[in-house]
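Subject: Structure for your review

Dear colleague,

My notes on the findings follow.

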Amino acid sequence: MVVYTIIITIRVSSNNVNISIGSIQIINNNKNPLNSTFAKPVNTITHLTVLSVTNATLRVLQSKKRQYDQEVENLERQQKQTIERLEQEHTNRLRDEAKRIKAEQDKELSKYQNMLKNRKKEVSHMSPLKFLQKQQQDLDSALKKIIQQHKHELATIERDCLNHKQQLLRAREAAMWELEERHLQEKHQLFKQQLKDQYFMQRHQLLKRHEKEMEQMQRYNQRLIEEMKNKQTQERARLPKIQRSEAKTRMAMFKKSLRITVAAITPEQEREKIKQFAAQEEKRQKNERLHQHQKHENQMRDLQLQCDANIRELQQLQNEKCHLLIEHETQKLKELDEEHSLELKEWREKLRPRKKALEEEFARKLQEQEVFFKMSGESECLNPSTQSRISKFYPIPSVHSTGF
């Protein structure tokens, strides 16, 4: 028996889906007599079914991947639009808030100048300078607070977006893994059904063969019975002729011996002797016919017993063949299940490091993002140019420019 098996390997990564198909020819040297008689090559329709299942799985994998990739792309596009909108709103808010605070400070500065003029006394140049520096520090503090709030809001949005993106990627990988496992299950069920169909055909062919063998045996037995019946009919037909011939011969010999042995015998005595001999001869012929009838019955009974024994022996042999085929099928199904369990176990063992690598990549991305925003916040506090960057829109006025 020659069986062609399609081997399919699916590898799913974060960027693509690879499916490799290879054909392996398995040759059995027909050690089982059932294989040499009833085994047939696997139909190529099953190969096409395996390929169709593989193509269907590939289409589902690609569809799932496109779906999740589209969701990730939409999420990134929405995130970019949100960040741009927030940056624009932050710039506008920062400018408006700076204008508002500066307008209030200008009013306070004007009041302070009027107060100094009304007092008409000597004041140090340091006092107005400190007043202006305090106003600038208040302005910078207010703007820095807005900037920090904006950064915190951006960090929260970026973190939520990254978590959402990772959830989508995690869901995509989980869907891919589920499809991989389902493909292994479907492939196993397909090969299992293929094996069952193959043995179903073998059982069907075996039963057909058994029917023909039984018909041949019944015809053979019927032919033996018919031959026996014909033989017995011929024997029954020959027996009267033989008996009549023997009766004539025996009667002639009896009459001759009667004349020789008995010298003085009357005709009446001779007729009586002949009558007695004829009666004995008729009884002897009847016994011969009974003996022949009994012999024919015994022959027919023995022949019928022999025919029945032939039928039982054939049925026993056929039952052994059927039982052997069932045992062979059970063994093959068991081996197929064990191979599937081993393949599934190996796939799950390889899946664990893939899951671990994915989670480590997600953790690394989250840590990089956290470090980035942490360093950005620290640079605002440690970089001396931060104050000048915040207040560059409104430089600190000099004492002379304010009229002090």
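Arg354 and Glu180 are joined through their side chains by a salt bridge, with 3.0 Å from N to O; the term denotes a side-chain nitrogen of Lys or Arg within 4 Å of a carboxyl oxygen of Asp or Glu.

The model is a predicted one: local features need pLDDT of at least 70, side-chain atom pairs count only at pLDDT 80 or more, and totals for chains, interfaces and linings use all residues. Residues are numbered from 1 along each chain as its sequence is written, and side-chain values use heavy atoms, with hydrogens and water left out.

Arg354 counts as partly exposed because its relative accessibility is 27%, whereas Glu180 is buried, with a relative accessible area of 4%. The classes are buried (under 20% relative accessible area), exposed (over 50%) and partly exposed (in between), with a 1.4 Å probe and protein chains only.

By this salt-bridge rule the count comes to 22. Two further examples follow.

- Glu343 and Lys187 meet through their side chains in a salt bridge of 2.8 Å, N to O. The pair links distant parts of the chain, with Glu343 in helix H4 and Lys187 in helix H3, 156 residues apart. Glu343 is partly exposed, at 29% relative accessibility, and Lys187 is buried, with a relative accessible area of 9%.
- Glu281 and Arg250 form a salt bridge of 2.8 Å, N to O. Because Glu281 lies in helix H4 and Arg250 in helix H3, the pair ties together parts that are 31 residues apart in sequence. Glu281 is buried, at 5% relative accessibility, while Arg250 is partly exposed, at 36%.

Arg250 and Glu281 also belong to a network of salt bridges that links them with Glu246, Arg284 and Glu288.

**Aromatic pair**

How many aromatic pairs does a search of the whole structure find? The search finds 1. In that pair, Phe254 and Phe277 are stacked, at 4.3 Å centre to centre and 5° between the planes. Rings of Phe, Tyr and Trp (its six-membered ring) are paired if their centres lie within 6.5 Å; planes under 30 degrees apart count as stacked, over 60 as edge-to-face and the rest as tilted. The pair links distant parts of the chain, with Phe254 in helix H3 (residues 126–261) and Phe277 in helix H4 (residues 267–382), 23 residues apart. Phe254 and Phe277 are both buried.

**Nonpolar core and contacts**

The largest nonpolar core has 12 residues in all, among them Val72, Leu75, Leu168, Trp177, Trp347 and Phe362. Such a core is a set of buried Ala, Val, Leu, Ile, Met, Phe, Trp, Tyr and Cys residues joined through side-chain atoms within 4.5 Å. Helix H2 (44–119), H3 and H4 are the elements that give two or more residues to this core.

Leaving aside neighbours within four places in sequence, Leu168 is in contact (heavy atoms within 4.5 Å) with Tyr68, Glu71, Val72 and Leu75. His150 lies in helix H3 and is buried, at 7% relative accessibility. Not counting residues up to four places away in sequence, His150 touches Leu86, Glu87 and His90.

Met217 is found in helix H3. Met217 and Ile311 are 94 residues apart in sequence and 7.1 Å apart in space, C-alpha to C-alpha. With residues up to four places away in sequence not counted, Met217 touches Asn310, Ile311 and Leu314.

**Annotated regions and overall figures**

The unreviewed UniProt entry annotates "domain: UVR" over residues 69–104. That span is 100% helix and 0% strand, and its end C-alpha atoms lie 52 Å apart. For "coiled-coil region", the unreviewed entry lists residues 58–167, 203–237 and 293–346. UniProt positions are given in the numbering used here, feature names are shortened, and annotations may be inferred rather than shown by experiment.

The protein has 6 helices and 2 strands, in the sequence order β-β-α-α-α-α-α-α. Of its 404 residues, 30% are buried.

Yours sincerely

Technical notes. Helix = DSSP H or I, 4+ residues; strand = E, 2+ residues; numbered from the N terminus.
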